[in-house]
Amino acid sequence: MSTADFPFPVSTATQAKLAKLNINNIWDLALHLPLRYEDETHITPIADARAGIPVQIEATVIHQQIQFRPRKQLIVQVQDLSGHVLYLRFIHFYPSQQKQLAEGKVIRALGEIRHGFFGDEMVHPKIRTDIEQGLSESLTPVYPTVNGLNQPALRRLIQAALKHLPDDDTLPDELLQQLHLPPLLQSLKFLHSPPPEYSIQDLHQGTLPAWQRLKFDELLAQQLSMRLARQQRLKGHAAALSGNGHISKLLQTNLGFALTSAQQRAINEIKTDLAQTHPMHRLLQGDVGSGKTIVCALAAAIAVEAGFQVAIMAPTEILAEQHYLKFQQWFASQGITVGWLSGSVRKKAREKTKTELANGTMQLAVGTHALFQEDISFHNLGLVIVDEQHRFGVAQRLALKNKGSDVHQLMMSATPIPRTLAMSFFADLDVSVIDELPPGRTPIVTRLVNSTRRQEVEKLVQHTCIQGRQVYWVCPLIEESETLQLQTAVDTVAQLQLALPQLNIGLIHGRMKSTEKAEVMAAFAAGTIQVLVATTVIEVGVDVPNASLMVIEHAERMGLAQLHQLRGRVGRGSAASRCVLLFSEPLSDLAKARLKVIYENTDGFEIARQDLNIRGPGEFLGARQSGVPMLRFANLEEDLPLLEKARNLAPLLINQQPQVVRKHLQRWLAQRAAYLGV
Ligand SMILES: Nc1ncnc2c1ncn2[C@@H]1O[C@H](COP(=O)(O)OP(=O)(O)OP(=O)(O)O)[C@@H](O)[C@H]1O
């Protein structure tokens with residue numbers, strides 16, 4: 001990084017610290033906005049200060065002492081002109097602070113007053129001794145920062161940036177007028193040095209025009225980059241895949257059911273995409289049990305008919321294996337070779353698959369990310385199907401991108417993505433939604449049951465099995481220890497076996513070898529195992545339609561998406577199904593909120609929307625892992641109207657004002673542009 005990026009002197013050491021904050025030029029500095037504000041514009045008499053509201057007081061130190069119990073701390077007694085006394089308490093302190101707060105000194109302290117053990121106190125207030133400086137004219141911004149770069153230094157740098165910035169808006173005046181948004185520079189100055197008449201509460205309102213402008217710019221940058229990435233893809237080349245229908249027809253004839261109209265619509269959309277000479281990039285969304293697998297299989301059939309290979313990748317072995325078994329069942333009878341590749345496949349078998357993929361004798365390959373290891377090459381890969389794509393890490397996604405930059409891609413997601421997220425983070429994807437469940441399903445009845453009533457639940461298990469149905473019993477998630485979780489699962493099997501000796505109870509957990517897992521799953525699918533005790537390995541994708549009762553222990557420890565996925569393992573056939581959520585008290589507020597949502601809703605889209613509300617988009621998407629750049633200012637739920645405006649404007653700007661687009665993206669994305677492929 002050269003100093004040329006800042007038109008004023010910034011030492012190399014400071015530049016390095018700024019770089020940690022992703023600040024590499026004068027615009028980045030100006031766009032580094034306050035986290036919050038402090039009010040140093042006036043002095044509040046101690047007598048008037050209300051608990052819980054930050055205030056600045058000015059007072060004289062009347063006593064200072066170090067106290068050792070219950071722990072070492074510095075206690076400073078001060079008194080102001082109102083005659084009131086306040087204690088300032090510092091649990092961590094330096095000798096310099098003792099000097100700064102020597103008896104007789106007049107100081108200013110900024111913080112929240114609360115009622116402490118000795119009387120009114122401020123814990124770790126911000127202290128100023130330069131009281132001759134007078135009071136601030138406007139609220140003091142507080143910025144996110146890093147070690148070694150203090151607030152005053154950062155503030156000075158930002159103020160310098162604001163002085164040097166050219167009044168060079170990315171958006172033309174007439175556009176701003178139409179959108180009722182203020183100019184950028186004016187908005188930045190406002191937020192960095194708010195006018196004195198604005199209170200802290202005012203400034204935290206996202207509806208302030210200055211904030212609206214920043215949020216809009218951010219959303220616009222996101223929409224523009226997504227659209228450009230999409231245009232780029234449309235310029236790419238992929239083989240047009242259209243088959244003669246002989247495989248798909250036979251496949252459908254053998255299914256034993258007719259496609260729902262939503263499935264039919266989805267496959268038609270995919271078919272149209274595959275026939276294009278640019279790569280498809282489509283997300284197939286559908287709630288749990290809506291029948292995505294057959295749609296993917298039909299997409300695969302088109303590619304195979306056209307003489308191309310297909311790779312199907314899933315995030316876990318158990319899910320990949322289940323797809324493998326289904327694809328094997330559907331395709332092998334038609335003379336199509338379906339291969340299996342995962343981390344646990346032995347070397348010899350792996351070598352064989354590798355050779356067959358390279359020479360093209362294997363048409364379909366199902367597996368985990370092992371499918372995209374460097375040494376695997378395909379003869380003529382035409383379509384990649386990725387299940388639960390958001391669960392793959394950045395590296396795996398990159399590997400996939402490198403192998404398949406010119407192939408058609410179909411992503412599948414059983415975690416419904418709320419509309420706002422689909423409109424922003426996934427704006428470069430085409431989306432097909434299966435919004436209809438296969439006919440004959442009865443809604444799952446959900447019950448919340450205190451774990452003290454476990455015996456009643458055991459009776460229900462017995463009753464279900466007597467009726468010829470099957471049961472899942474999911475053991476609690478124990479994040480801290482996999483061993484403990486396994487132990488719990490083993491104990492549960494023993495306990496259930498004792499209570500229900502006539503039933504055949506099986507166990508499946510993450511530590512088992514994949515062959516063992518496959519055997520247990522096969523026995524459950526065949527009905528020889530009646531109750532399957534499982535750790536959450538069964539979470540996604542397991543499909544045994546005869547299972548009609550799902551018991552989840554310690555449901556309060558699980559996330560909403562996970563609960564919805566687990567519950568979706570039942571209710572997949574015609575039998576009326578139940579889901580019993582066992583919980584133990586005490587329940588945290590978050591756990592209560594989650595259980596309420598899952599109890600009240602069965603629609604995955606609604607659950608996802610509420611989940612997004614509870615967790616925020618970062619957590620929702622597992623963004624730290626997935627590398628999706630997060631929005632800094634805009635909030636998708638709150639700022640939906642702005643998102644819609646940005647979404648409408650993006651294509652117009654791209655078509656009519658490419659120079660505006662370039663400038664806007666440069667300013668907003670700088671470092672992050674690479675992520676988005678612009
Ligand atoms: N049109 C249909 N009519 C009847 N049954 C169907 C239909 N489509 C799919 N099914 C059956 O519904 C069940 C669920 O389908 P599938 O496993 O494809 O769901 P999914 O969308 O992948 O759900 P999940 O994300 O929960 O795994 C399967 O047993 C499947 O055979």
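Predicted model: local features only at pLDDT ≥ 70, side-chain atom pairs only at ≥ 80, totals over all residues.
**Overall make-up**

The protein has 678 residues, of which 38% count as buried. Its secondary structure consists of 24 helices and 22 strands. Taking the contacts between residues at least 6 apart in sequence, 74% join residues at least 24 apart.

**Nonpolar cores**

The largest nonpolar core holds 52 residues, and the members that touch the most others are Ala299, Ala300, Ala303, Val310, Leu383 and Ile385. Helices and strands both contribute: α10 (261-274), α11 (292-305), β11 (309-313), α12 (317-331), β12 (338-341), β13 (364-367), β14 (381-387) and β15 (408-413) each supply at least two residues. The greatest contribution to this core is that of α11, with 10 residues. Apart from neighbours within four places in sequence, Ala303 is in contact with Leu241, Leu274, Phe308, Val310, Gly382 and Leu383. A second core of 42 residues is separate, and Cys465, Met521, Ile529 and Leu582 are among its members.

**Ligand shell**

The ligand is surrounded by 19 residues, with Gly291, Lys292, Thr293, Ala414 and Pro438 the closest. Sorted by class, the shell comprises seven nonpolar, nine polar and three charged residues.

**Helix α16**

Helix α16 spans residues 454-466, 13 residues in total, and reaches 19 Å from its first C-alpha to its last, close to the 18 Å expected at 1.5 Å a residue. Val461, Thr464 and Cys465 are its buried residues. They lie on the same side of α16, because the arc they cover around the axis is only 95°. An α-helix has 3.6 residues a turn, so residues three or four places apart point the same way. Cys465 is also a member of the second core.

Cover for the buried residues of α16 comes from elements that include β18 (470-474), β20 (531-534) and β21 (547-552). On the face turned away from the buried side, the exposed residues are Gln455, Glu456, Lys459, His463 and Ile466. Just after the helix, Gly468 takes a positive phi of about 90°.

**Backbone exceptions**

Most residues other than glycine have a negative phi, and most peptide bonds are trans.

| Residue | Phi | Loop |
|---|---|---|
| His124 | about 50° | between β7 (120-123) and β8 (126-128) |
| His180 | about 55° | between α5 (173-179) and α6 (184-192) |

Are these two residues buried or exposed? His124 counts as partly exposed because it has 13 C-beta neighbours inside 10 Å. His180 is exposed, with 10 other C-beta atoms within 10 Å.

Where does a cis peptide bond occur? The bond from Glu585 to Pro586 is cis, its omega being near 0°. Pro586 is placed in the loop between β22 (578-583) and α20 (589-600).

Methods:
Residues numbered from 1 in each chain as written. Helix = DSSP H or I, 4+ residues; strand = E, 2+ residues; numbered from the N terminus. Expected span 1.5 Å × (residues − 1). Buried ≥ 20, exposed ≤ 12 C-beta atoms within 10 Å, placed from the backbone. Arc of directions from axis to C-beta. Contact = placed C-beta atoms within 7 Å. Core = buried A, V, L, I, M, F, W, Y, C linked by C-beta atoms within 7 Å. Near = placed C-beta within 6 Å. Nonpolar A, V, L, I, M, F, W, Y, C, P; charged D, E, K, R; others polar.
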